[in-house]
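These are my notebook entries on what I looked up in one protein chain. I begin with a single residue and then widen the view.

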Amino acid sequence: MFRTTVNRIPLRSTFSQSILRRQTALRFLSSETKNAIESAVNSAKVVLFMKGTPQQPQCGFSRATIQMLGQQGVDPEKFAAYNVLEDQELREGIKEYSQWPTIPQLYVDKEFVGGCDIVMSMAQSGELTELLEKHDALIPEEPYDEAEPEKAADAEVKPRSRD
């Protein structure tokens, strides 16, 4: 009798189960971790939570994302990266905070953009450049001086020093 009753109860949909998991997961994010993540997200115009560092990415997706940000011309003065491998609470907490299950995670002007796949798709469509330009996150272009075209051609893009 119990078995037939169980069979008549519809199973929860996958969508309902994922909503329930998200609500449950959010309860486990401590206020200390949430505040630390919010502080990190607010620390720069462009923030990347990644595995490893920009100089030594520890996974292919983090490497691809950091390379794409470099190709886009993100201003180092307006960029911050956080290595989630250094802190287990950060690694799990950022997933709960964004409700996104994978790392890397990109934030632009305090808004979650997405992971590697979304960043790559946005780069291909031109949306990433538009977003970064809109939020003034790219290295400013030097004005072209017609009087010295050879100087402009030889110029290297160098990050500004922090004073």
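Entry 1. I looked up Gln-72 and found it in helix α4, where helices are DSSP runs of H or I with at least four residues, strands are runs of E with at least two, and both are numbered from the N terminus. The model is predicted, so local features need pLDDT of at least 70 and side-chain atom pairs count only at pLDDT 80 or more, while totals for chains, interfaces and linings use all residues. Residues are numbered from 1 along each chain as its sequence is written, and side-chain values use heavy atoms, with hydrogens and water left out.

Entry 2. Is Gln-72 buried or exposed? I noted that Gln-72 is buried, at a relative accessible area of 16%; buried means under 20%, exposed over 50%, and partly exposed in between, with a 1.4 Å probe and protein chains only.

Entry 3. I listed the contacts (heavy atoms within 4.5 Å) of Gln-72, leaving out residues up to four places away in sequence, and found Ala-123, Leu-128, Thr-129, Leu-132 and Leu-138. With the same exclusion, Leu-128 touches Met-68, Gln-72, Leu-106, Val-119, Met-122 and Ala-123.

Entry 4. I then looked for nonpolar cores, which are sets of buried Ala, Val, Leu, Ile, Met, Phe, Trp, Tyr and Cys residues joined through side-chain atoms within 4.5 Å. The largest has 19 residues, and Val-46, Leu-106, Leu-128 and Leu-132 have the most contacts inside it. Two or more residues of this core come from each of β1, α4, β3, α6 and α7. Another core, of 13 residues, lies apart from it and includes Leu-29 and Tyr-107.

Entry 5. Finally, I counted eight helices and four strands in the protein chain.
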